[in-house]
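I opened the model to look up a few local features. The entries below are in the order in which I took them.

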Amino acid sequence: MSAPITDAAGLAAAAAALAQHATIGLDTEFMRERTYYAQLCLVQLSADGIALCVDPLALGSLEPLQPLMGAAGICKILHAARQDLEVLAPTVGALQNIFDTQVAAALVGFPAQIGYADLLRETLAVDLHKNQTRTDWSRRPLSAAQIDYALDDVRHLPPLRVHLSARLEALGRRALFDDAMDRVGGESLAPDPEQAWLRIKTFADLDPDRQRLARSLAAWRERRAISSNRPRGWILPDAALRDLVLQLPRDRAALERLRELPDGIRENSGAQLLELISAAAVPHPAAPLPQRRRPDPAWLEKVGRLADITRRVSTELSLAPEILATRRDLERLADGQLEGPALNGWRRAAIGEELMKAL
């Protein structure tokens, strides 16, 4: 067991040692049950002959890691990188030169969301002992078992990258992977309150007036959650947000009838919620709520035709079909929404053009 680094001198020495390597494995442990922003509790790093943990709770600042994380000449290897990148951004800044082993695995034929343990078993015949999945990583001291578990998440990342890189090259898909990594590196990780309403999928089927209200209420909730650093569900649960948008209470009495709205939120924020509903200017009466209709046979036939193409091409490329296009992607195309992953980047050449011809 290697004790976590808890002092600035130790962190600087570790960063200097890791900077001598062309590739490093990287993972994080964090908690976010009681906060909006994830609390970074542990950073694990590995390279040839090195595996170490950094304790952000003891250090406070991870500044010595910033040059390492931003170095374009050093490849940072992660599995399912997005959450780790989001958690690390406030403390070490944006990462450059990322190798996401989950994305690479998907491009060589593994399921789209394959887990790290399953991927190691399938590729390197390594079995991880996942016995600390419910650990509270914010509690100190960490046990030897916790530290070993955390280090296991990075020890095997460098050889896993070598294995997946060879398969990408053999299949001629390295350029596809590099394109996907460029997109990951270019994504904004900052929360956008104006887009928060899209988290609730049922809102996409509503009339424009209710969508305007959904955007306003969700943005209000997101800003409150950000400013107080509390989970958005503590500010306003999803079920209550849906009730407000669907039932459109316009006075205090109507607000009282919302079963999903907690009493405390009604008392403390009821006036603000009513103001937001009024400001959205949803007509009274509002447009009818969408009804579940039997799908049009012609539309179903179109979706089926697109799905057949996706299955055929995925078989030809030895890829899981959802890597090329999900069912929802195909339904949007059948609806005439000519956008989405299947029509962008490498997927457009692989399948997008053919899907467009089949519409």
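**Basis.** I worked on a predicted model, where local features need pLDDT of at least 70, side-chain atom pairs count only at pLDDT 80 or more, and totals for chains, interfaces and linings use all residues. Residues are numbered from 1 along each chain as its sequence is written, and side-chain values use heavy atoms, with hydrogens and water left out.

**V313.** I found V313 in helix 15 (residues 297–317); helices are DSSP runs of H or I with at least four residues, numbered from the N terminus. V313 counts as buried because its relative accessibility is 4%, the cut-off being under 20% relative accessible area with a 1.4 Å probe, protein chains only. Leaving out residues up to four places away in sequence, V313 touches L324, A350, I351 and E354; contact means heavy atoms within 4.5 Å. I also noted that V313 and A350 lie 37 residues apart in sequence, with 7.8 Å between their C-alpha atoms.

**Helix 15 against helix 18.** How do the axes of helix 15 and helix 18 cross? They come within 10 Å and cross at roughly 155°, helix 18 being residues 345–358. Axes here are lines fitted to C-alpha atoms over the stretch in contact, with angles from 0 to 180 degrees between N-to-C directions. The two helices are therefore roughly antiparallel, a term for angles over 145 degrees. From helix 15, R305, L306, I309, T310, R312, V313 and L317 meet A350, I351, E354, L355 and A358 of helix 18. I sorted the residues of this contact into 8 nonpolar, 1 polar and 3 charged; Ala, Val, Leu, Ile, Met, Phe, Trp, Tyr, Cys and Pro count as nonpolar, Asp, Glu, Lys and Arg as charged, and the others, Gly among them, as polar.

**Helix 6.** In helix 6 (residues 116–124) I list Y116, A117, L119, L120 and T123 as buried. They sit on the same side of helix 6, because they cover an arc of only 160° around the axis, taken from the directions from the helix axis to the C-beta atoms. Their cover includes helix 5 (101–107), helix 7 (144–155) and helix 8 (157–170).

**Backbone.** Most residues other than glycine have a negative phi, and most peptide bonds are trans. I logged cis bonds between R140 and P141, with omega about 5°, and between H284 and P285, also with omega about 5°. P141 lies in the loop between helix 6 and helix 7. L248 has a positive phi of about 55° and is buried at 8% relative accessible area.

Methods
Buried means under 20% relative accessible area, exposed over 50%, partly exposed in between (1.4 Å probe, protein chains only). Angles under 35 degrees count as roughly parallel, over 145 as roughly antiparallel, 65 to 115 as roughly perpendicular and the rest as oblique.
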